[in-house]
Amino acid sequence: MTSSNRRVTQKTLQSLLLKRFGMAVATYFMIAALAAVALYQELFAVSASAVLVLLCITVVSQLAFLGLFVSGRNLRLGDPSLTEAQVLVGLGLLTILIAMLDKGRGSFLVIYPLTLLFGMFQLPPRVFFRCTALAFFGFVAINLYDAYVFSMSDPGIATLQVCSLGLVLFWLSLFASYMQSMRQRMRQRRLALQAHQETLRGMMRQLEDLAATDELTGLYNRRHFLRIAARELEGLTAKRSHGLALIDLDHFKGINDKHGHAVGDRVLQAFAGIASACLREGDIIARYGGEEFVLMVPNTDADAFMACCERVRLAFGETELAGVKVQNLSLSVGMTLMSMHDDLDEALQRADQALYRAKRTGRNRCIATWEQADA
Ligand SMILES: Nc1nc2c(ncn2[C@@H]2O[C@H](COP(=O)(O)OP(=O)(O)OP(=O)(O)O)[C@@H](O)[C@H]2O)c(=O)[nH]1
């Protein structure tokens, strides 16, 4: 991943985490409103100033989280979402709030599952179970303490509250682990699907290559050449020209007749290798059919194009096949230049006429249409 990509991903993650943090803060506001109602109804066993101290602790804890998110320090931690820490702080504050209450505890118990919901999709099942256990034992501890100091107002209701909280939290743990396994399965399916897509894309690429390539020589085939040559011609500007050449191996029938078809094939392959080695990246060579090839050299002029074709001709003349002595290998070339608004078929015809002239005047030579015009 590039550093700019990483930065974009981190920014998206941070804004998502800040949104979630905003939701948590909104929940704190709602609980504070509920606590205010309880205070008004005189349901607290402690003074209003003790409740105020708890409120201040809550504000400080949330400001600490906000500071971590805004400064980006959370990104240096193992879990940048700080989910476990936020859930634990939430559960701790809630347990203290409940401990401060006298009769209204039952109403605040529903906030335990609400707090735990924040961690349900994020926390691993083991950690989630630990959080629910802490919430449960925190509440049990409050009641045990009340019993110890003989301040339990209604032991029956307290027992019922402990049991119902235990039940709800146990169910929540099971549900969380079920949700996690569902997510895991979905992620595995998505990965498998991505792998299938990649294989399909690879197969498509192979098919495209096969459809564009001549099997024997590995060069482009005629159909593909015509397609890319037309595209190159479209992009041609007024002051530039492309070179187009038809290349025909001389007396190829004789090679086949004398050495056999297999050797003829090797000569065709040797030509493909030599021509590719002589050309530059961007030059387009293709098998036009039989022992005939077509070459397009983009953005060239008469001299440079002639030099290029001569290079191929001379290199092919020096070809040696391992294990067979094929003598006098040569080729003839018909060349033309294409300018803007030129027609590809017409240019191919011009090159063909030049090739015909090269054959007629003795083979093993490059003849250009502009030379015909000069002559
Ligand atoms: N080995 C082999 N031969 C091929 C292939 N395709 C075409 N040929 C042969 O190439 C020969 C071309 O012969 P001609 O068109 O008479 O041309 P030439 O013998 O090269 O004569 P000039 O072009 O006039 O120099 C034919 O015998 C075809 O059978 C191929 O894929 N492999």
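Predicted model: local features only at pLDDT ≥ 70, side-chain atom pairs only at ≥ 80, totals over all residues.
Biologist: Let's start with pockets. What volume does the largest pocket have?
Modeller: About 700 Å³ for the largest pocket.

Biologist: And which residues lie nearest its centre?
Modeller: Those are Tyr 28, Phe 29, Ile 31, Ala 32 and Thr 58, out of 31 residues that line the largest pocket.

Biologist: Which elements give two or more residues to that lining?
Modeller: Helix 1 (3-40), helix 2 (48-71), helix 3 (83-100) and helix 5 (111-120) do. Helix 1 provides the largest share, with twelve residues.

Biologist: How does the lining of the largest pocket divide into nonpolar, polar and charged?
Modeller: You get 23 nonpolar residues, seven polar and one charged.

Biologist: OK, on to the second largest pocket. What's its volume?
Modeller: That one comes out at about 270 Å³. It is lined by 15 residues, and the closest to its centre are Asp 102, Lys 103, Arg 105, Asp 146 and Ser 153.

Biologist: Which helices give two or more residues there?
Modeller: Helix 6 (125-148) and helix 7 (155-212). Helix 7 gives the most to this lining, with three residues.

Biologist: And the classes in that lining?
Modeller: For the second largest pocket, it's six nonpolar, four polar and five charged residues.

Biologist: Switching topic: helix 5 and helix 7. At what angle do they cross?
Modeller: Their axes cross at roughly 15° and come within 11 Å. Angles under 35 degrees count as roughly parallel, so helix 5 and helix 7 are roughly parallel to each other.

Biologist: Is that crossing left-handed or right-handed?
Modeller: Helix 5 passes helix 7 in a right-handed crossing.

Biologist: Which residues make the contact?
Modeller: From helix 5, Tyr 112, Pro 113, Leu 116 and Met 120. From helix 7 there are Leu 165, Val 168, Leu 169, Leu 172, Phe 175, Ala 176 and Gln 180. By class, the contact of helix 5 with helix 7 has ten nonpolar residues, one polar and no charged.

Biologist: Now helix 10 and helix 11. How do their axes cross?
Modeller: The axes of helix 10 (residues 261-278) and helix 11 (residues 302-317) cross at roughly 135° and come within 9 Å. That makes helix 10 oblique to helix 11. The crossing of this pair is right-handed.

Biologist: Who meets whom there?
Modeller: Helix 10 brings Val 267, Phe 271, Ile 274, Ala 275 and Cys 278, which meet Arg 311, Val 312, Ala 315 and Phe 316 of helix 11.

Biologist: And the classes in that contact?
Modeller: Between helix 10 and helix 11, eight residues are nonpolar, none is polar and one is charged.

How values were computed: Residues numbered from 1 in each chain as written. Heavy atoms only, no water. 1 Å grid on protein atoms, 1.4 Å probe; cavity = no way out; pocket = protein on both sides within 12 Å on 5 of 7 lines; lining within 4 Å. Points joined across faces, edges and corners; volume = space filled by probe spheres on them. Helix = DSSP H or I, 4+ residues; strand = E, 2+ residues; numbered from the N terminus. Nonpolar A, V, L, I, M, F, W, Y, C, P; charged D, E, K, R; others polar. Axes fitted to C-alpha atoms, helices over the stretch in contact; angles between N-to-C directions. Parallel < 35°, antiparallel > 145°, perpendicular 65-115°, else oblique. Left-handed = near helix turned anticlockwise from the far one by under 90°. Contact = heavy atoms within 4.5 Å.
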